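Here are my notes on the model you sent over.

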Amino acid sequence: MLSKAKLWLGLALSTLMFWSAGLQAAWELNMPRGVTQMSRDTYGLHMTIFWWVVAIGVVVFGAMLWSIIHHRKSKGAKPATFHESTKVEIVWTLIPFLILIMMAIPATRVLTAAYDTGDSELDIQITGYQWRWEYTYMREDMNEEEVSFFSILSTSREEIDNSIEKSENYLLDVDRPMVIPTDTKVRFLMTSADVLHAWWVPDFAIKKDTIPGFINETWVIVEEPGVYRGQCAELCGMEHGFMPIVVHALPPEEYDAWYAEQQQAAAEIRELANAELSMEDAMAQGEQIYNQNCVACHQAGGVGMPPVFPAIAGSEKATGDRLVTMDTLVNGVDGTAMAAYGRQLNPIQLAAVITFVRNAFGNDTGDLVQPTEVNAYIQEGQ
Amino acid sequence: MSAAHDHHHGPAKGITRWLFTTNHKDIGSMYLWFSFAMFLLGGTFALVIRAELFQPGLQFVEPNFFNQMTTMHGLIMVFGAVMPAFVGLANWMIPLMIGAPDMALPRMNNWSFWILPFAFAMMVSTLFMEGGGPNFGWTFYAPLSTTYGPPSTTFFIFAVHILGASSIMGAINVIATILNMRAPGMTLMKMPLFVWTWLITAYLLIAVMPVLAGVVTMMLFDIHFGTAFFDAAGGGDPVLFQHLFWFFGHPEVYIMILPAFGIVSAIIPTFARKRLFGYDSMVYATASIAFLSFIVWAHHMFTVGMPLAGQLFFMYATMLIAVPTGVKVFNWVATMFRGSMTFETPMLFAIAFVVLFTIGGFTGVMLAITPVDFQYHDTYFVVAHFHYVLVPGAVFSLMAAAYYWLPKWTGYMYDETLGKLHFWLSFIGVNLLFFPQHFLGLAGMPRRIPDYALQFADFNWISSVGGFLFGFSQLILLFVIIKCIRGGKKATAQVWEGAQGLEWTVPSPAPYHTFETPPDPALIKAQ
Amino acid sequence: MKTDKAPAKNKTVVTKLLFAVVGMFAFGFALVPLYDVICDITGLNGKTNNLAVQAEAGEIIDETREITVQFIARENADMQWGFTPSATQVKVKPGEVNMISYKVTNTTDKVMVGQAIPSVAPNAAAGHLNKVECFCFEEQILQPGESADMPLRFFVDPALPSDINKLTLSYTLYDITAKSKTLKELATL
C-alpha cells in the first residue's frame, strides 16, 4: 500500500509540475459553450450526462475501492459465500434504465430542435473539395450577381515545416472566411465535389458530413458577432488536417455592406478578365495561388512527390505546348488527384498560375498567358 | 484424423511440428505469438503517430504516410493483434475448460492459423508499393477508398478476404467444439464464462465477417468492374457503404470485448477467493449485448444526415447497451465485495480493466446522446473513448490472461516483481496516453490529422509521453514471458489458491494431450 | 464415448454454420436493394424517385400554401462542363405543375457523357417532390462545344409535411464517359 501511495504522490506532483509549466498555454478541458441556442443546449446536455456519469462512477468505484481496502487477504478477510440474488440483479437493471430515460428526454428535445431547418432568411451552399471549402450564397434570381468563393488555408508552408515561427491561428486561418449575419437564421446546404468531408464549427455545435451527390442541411442563428473557427472532421485524404473553416459573424447591416461589396467585386473580376496581365503581376499572383492550391502535392520548388504527384520543375506538361498546360489546369487529369480547376479559379487566377508554372522552378518558357486566352479556352474548348 | 495417429506421442520435432500441427495447444501458442508480434508492429505504427503529434508542425512524416500509419495501426491492432490473441486463448483454454481432448476440427484449425501470416504479409507489403498502402482509415469509407484509393487497395481487399476467412473458420471451430466436445456433466450453464462469451462471440463472427467480405467485394467491383455500389456518379450511395460497414463494425467491437469479459470473470473470483456473483445474469447480459450490437450500428453515423426518427431509434438502442454492461460491472464489484483478495499481476490487470473499461463505457453513454455526439464525433474524444475500451479494456484483459495462465502453459511461475512493474508502467502510461485525449476532443481537435492548432499542443505532448511509456513497457512483458518459458519456480497444477475449473486439474505445464479420457464428472462444479 | 459421435455431429454443425456464412454474405448484398427501398420510403438519403411519375398532377392544388423550391446545379470536381439552372428558385403551390430547365454545355474538345444525380433537402421532403419529366440518371452525350437544355417538370405533393416551406433540389453532374454504356454501344455501331 505504501509503495502505491508513493506512486500516486509522485504522479500527482509531476502532473502539478506539468500544469504550472504550461499555465500560459491553453489547457482547455471542456467543450465550448458556443454562441448559439443549439450550442448552449448541447453544452448543457453534455454536462448533465457528465455529472450523471460521475455520480455513477463515484458509487461503483467507491464500492470497489472499499472492498479492495477492507476485503483483502492480508487483513485476514474471510471470503463470504453468497453468489447470487435475483432481487439485486433486478434492482441494478432497473435503476440504470430509469437514469437512461432521464437522459433520453432532454436529448430528444434538443435533437428535434436541431432538425427544424424551416424559415431561413439566408441559404448558403457549402461544398467540400480536396482540400478546401467553397461557399456559394443562394440568390433570389439568376440576374443577381452571384457571390461564390473558395476558402483555403492561409497558414504558410514555412510555418508547417517549422522553418518560421507559428502564428496565433496556426492551421486555423483561411484566405477568405465565410461571412454571415448575426441574429439571422442561416441555412447551410452541404455537399461535396469529391470525397466525404464534414463541416464543423464547435462554437455553433454544428457538424455535418458533406457527401458527393447528396445534399445535407443544417442551420444556425449566431447571437454574437465574432470570428469562429473549425476544421474538416471527416478523413478526406492527404490534406485532411489542412482545410480549416473560418466564419465571420457580422451585425446584419455590416453583413449587407459586405455582401454588396462582394457582388461588385465579382462583377469587376469579369471585367478584369478582359484586361492585360503583366509578367510581374502574373508571377506574383501565380505564386500565391500555387502556394494555396498546388503546393501540398507538387511541393515547394515544384519537385512533387513522385510517382503519385509528379514534379512540375522540368516537366513536359509545364514546358511544352501551352495548350497542354492549360488543359491540365482547366480540365484536370482523369484518374489522378489532379482536379479540374477551370471552375474553381477565375480566368485571371488561371492565367497567373499557368504563367507561373511555365516560368518558375527553372521552367523558362518565357510565356505569358493572358486571361482572355484562358477564357476562350474554357468557353470553346480550345 | 491425424490426432488419432499420434496419440500418446509428444510433438514432432523441428519446423514441421509448427507447420503441420493440429494440436490445440501448439496452434494456440502460435496465435498468441503472432498476435504479440502484430501488437508490437501496430504499436510501432502508433508510436510513429505519437512522435509526429508530439509537437505542432510536420517533423517526421508526410501527411500521406501519416494517414497510412493511422490506417495500418487500426487494421493491424483490430485484425492482427486483438482478434487472433482471443482466438489463441480460445484454442488453448476452451478444450481444457470443457474437458475436451482437442478442438473439434483440428485440421481446419491449422489452416485458419496459417493463412493469417499471409494475409498480414500482403497487407503490410502494400506500404512498400507504388502509391503507398491504404491511407483511408481502418473504416475505409468510400469513395476515398474506392474512386480515390491508392492502387494497392486491391491487395488490401484480398488481405481482408483472407483474414475474414480465417476468423470464420476459427469461429466455426469454436462453436463445434463447445457444442459437441464438452465432457459428460459439463452442461451449458456449468461452462466457465470465458467459454460462454466465446460461444456468443463466435456466433457474432459468423454473422458479420461475411458482411465485411461482401463490403470489400463490392469495393473490388466498384474499383475494377465498373459497378456503382458506392459511387454517386453511377447512382450508388457513399452512405450505403457506412451502413454496411458498421453493420459489421459494431458487432466487431463486441467481438473484441466479450471474450475479455469472460477472462475477467475468471480472474476476479480466483483472486477474491469467492464465487462469481450472478453467473446466470452474466450469461444473459452477454447475450443481450450481442443482440443489441446488431441494432445500433448507425450511431457511428449520426452526422451523415439521417431522418430524425432514425437518429432517435439508434440513440435509444445505443443507450440501452449501458444496462447489460452495467449489470456486468456491478457483478464484478459484488464478487470482490466481502471476498478475500490478493493482488497478483493478473488481478491488478483485471481490476484496472474494470475501472478503465467502465470509464470507456461512460464516455460511450455520452457518445450515444445524438445531439452531443455532433460535437464529439470524429474528434479525439472518440479516439479516447474507443482506446479506453480497447487498450485498458481488451488488451489489459489479454495481459491479465497471459499472466493468469502462463504458469499452466509453461509449468513455471512468472517473475511477479517484473509483472507488477509491467502493470504499473502500463497503467500509468495508458492513462497518460489516453486521458488527455478526452480534453483534446472536447476542445475541438479532429482525429486523423498529422498536425494541429497551437491550443492543442500541451495535451498532445503529454499524450505522446504516455504513448512511449506504454509502448516501451510492453518489452517488459516480452521479457517476462521469455523468462517464464525458460524456467523459474515450478508451478503446481492448482497454480492459484482460489482457482476453480478443469484447467487447474491437469498438471503444469499442461501435457501435450489432455482429457483423452473425459474428466471425472465430480470435478465439474457450478461456476 | 461422447467423442465417438463427434465427427458426425461436427459435420452437421459445420454444414449449418457454412450455410449461415453464405447466407450472411448474400444478406450483405441483399442490403443494397433493401437500403434503396428503405430510402424510397423514408427519404433517408434525400435521393428522389429515379423515374418520372405520371401521378395525378394538378388535380388538387392547395391554394393556401406557398412553397419555395430552390435549384442547385453543381459539377463534380473532375467535371468540366458548364451546368446552370434557368432559375435559382420558384415559388409554387402544392399540386401545381411547374417547369424549369437546366442548361448543360460541353466546353471541352472531347465527346463526353455526363449524368446528373438529384438530391433533395430536407430529406423528409424527398418523397414529396414529384417529377413529371426529368433527366435524372439519364446519360447525356455532348459533342465538343455542344449545349443542351434539359427540362424538368415537377410538382410538390400536397401531402408535404406542413412544417416544410422551402425545399432544395440539387443536381450534381458527373463525368461518366469512361463508364458509359451508351458511348460503348455507339462505338460498336
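Which residues does Leu173(C) touch, not counting residues up to four places away in sequence? Point 2 has the list, after a bit of housekeeping.

1. **Ground rules.** Keep in mind that this is a predicted model, where local features need pLDDT of at least 70, side-chain atom pairs count only at pLDDT 80 or more, and totals for chains, interfaces and linings use all residues. Residues are numbered from 1 along each chain as its sequence is written, while chains are lettered from A and ligands numbered from 1 in the order in which they are written.

2. **Leu173(C).** Back to that question: Leu173(C) touches Arg74(C), Glu75(C), Asn76(C), Met79(C), Trp81(C), Phe83(C), Gly114(C) and Ala116(C), leaving out residues up to four places away in sequence. Contact here means that the C-beta atoms of two residues, placed from the backbone, lie within 7 Å. Leu173(C) sits in strand E9 (residues 166-175) of chain C. Helices (H or I, at least four residues) and strands (E, at least two) are DSSP runs, numbered from the N terminus. Leu173(C) has 22 other C-beta atoms within 10 Å, so it is buried. The cut-offs are 20 or more other C-beta atoms within 10 Å for buried, 12 or fewer for exposed, and in between for partly exposed, again with C-beta atoms placed from the backbone. Thr105(C) is 68 residues away from Leu173(C) along the chain, and their C-alpha atoms are separated by 11 Å.

3. **Lys103(C).** You'll find Lys103(C) in strand E4 (residues 98-105) of chain C. Lys103(C) has 14 C-beta neighbours inside 10 Å and so counts as partly exposed. Neighbours within four places in sequence aside, Lys103(C) is in contact with Thr84(C), Ser86(C), Ser147(C) and Asp149(C). Val14(C) is another story: from Lys103(C) it is 89 residues apart in sequence and 60 Å apart in space, C-alpha to C-alpha.

4. **Chain C as a whole.** Chain C has 2 helices and 9 strands, and its pattern along the sequence reads α-β-β-β-β-β-β-β-β-β-α. Buried residues account for 40% of its 189 residues. If you take the contacts in chain C between residues at least 6 apart in sequence, 76% join residues at least 24 apart.

5. **Chain B as a whole.** Chain B is built with 17 helices and 0 strands. Its radius of gyration is 23 Å, close to the 24 Å that the globule rule gives for 527 residues, so chain B is as compact as a globular protein of that length. (The radius is taken over C-alpha atoms, and the rule is 2.2 Å times the number of residues to the power 0.38.) Along its principal axes, the C-alpha trace spans about 65 × 50 × 45 Å. Of the 527 residues in chain B, 67% are buried.

6. **H15(B) against H16(B).** Helix H15 (residues 380-410) and helix H16 (residues 416-443) of chain B pack at about 165 degrees, with axes 7 Å apart. That angle makes the two helices roughly antiparallel. Axes are lines fitted to C-alpha atoms, for helices over the stretch in contact, and angles run from 0 to 180 degrees between N-to-C directions. Angles under 35 degrees count as roughly parallel, over 145 as roughly antiparallel, 65 to 115 as roughly perpendicular and the rest as oblique. Among the residues that meet are Tyr380(B), His387(B) and Tyr403(B) in H15(B), and Val430(B), Phe434(B) and His438(B) in H16(B). By class, this contact has 13 nonpolar, 5 polar and no charged residues. Nonpolar covers Ala, Val, Leu, Ile, Met, Phe, Trp, Tyr, Cys and Pro; charged covers Asp, Glu, Lys and Arg; the others, Gly among them, are polar.

7. **H6(B) against H7(B).** The axes of H6(B) and H7(B) come within 8 Å and cross at roughly 155 degrees. These two are therefore roughly antiparallel as well. Their contact comprises 21 nonpolar, 5 polar and no charged residues.

8. **Chain B meets chain C.** This contact takes 34 residues from chain B and 33 residues from chain C. On the chain B side, H7(B) gives the largest share, 7 residues. That side divides into 25 nonpolar, 8 polar and 1 charged.

9. **Chain A meets chain B.** Here 82 residues come from chain A and 82 residues from chain B. H3(A) supplies the largest share of the chain A side, 14 residues. The chain A side holds 50 nonpolar, 18 polar and 14 charged residues.
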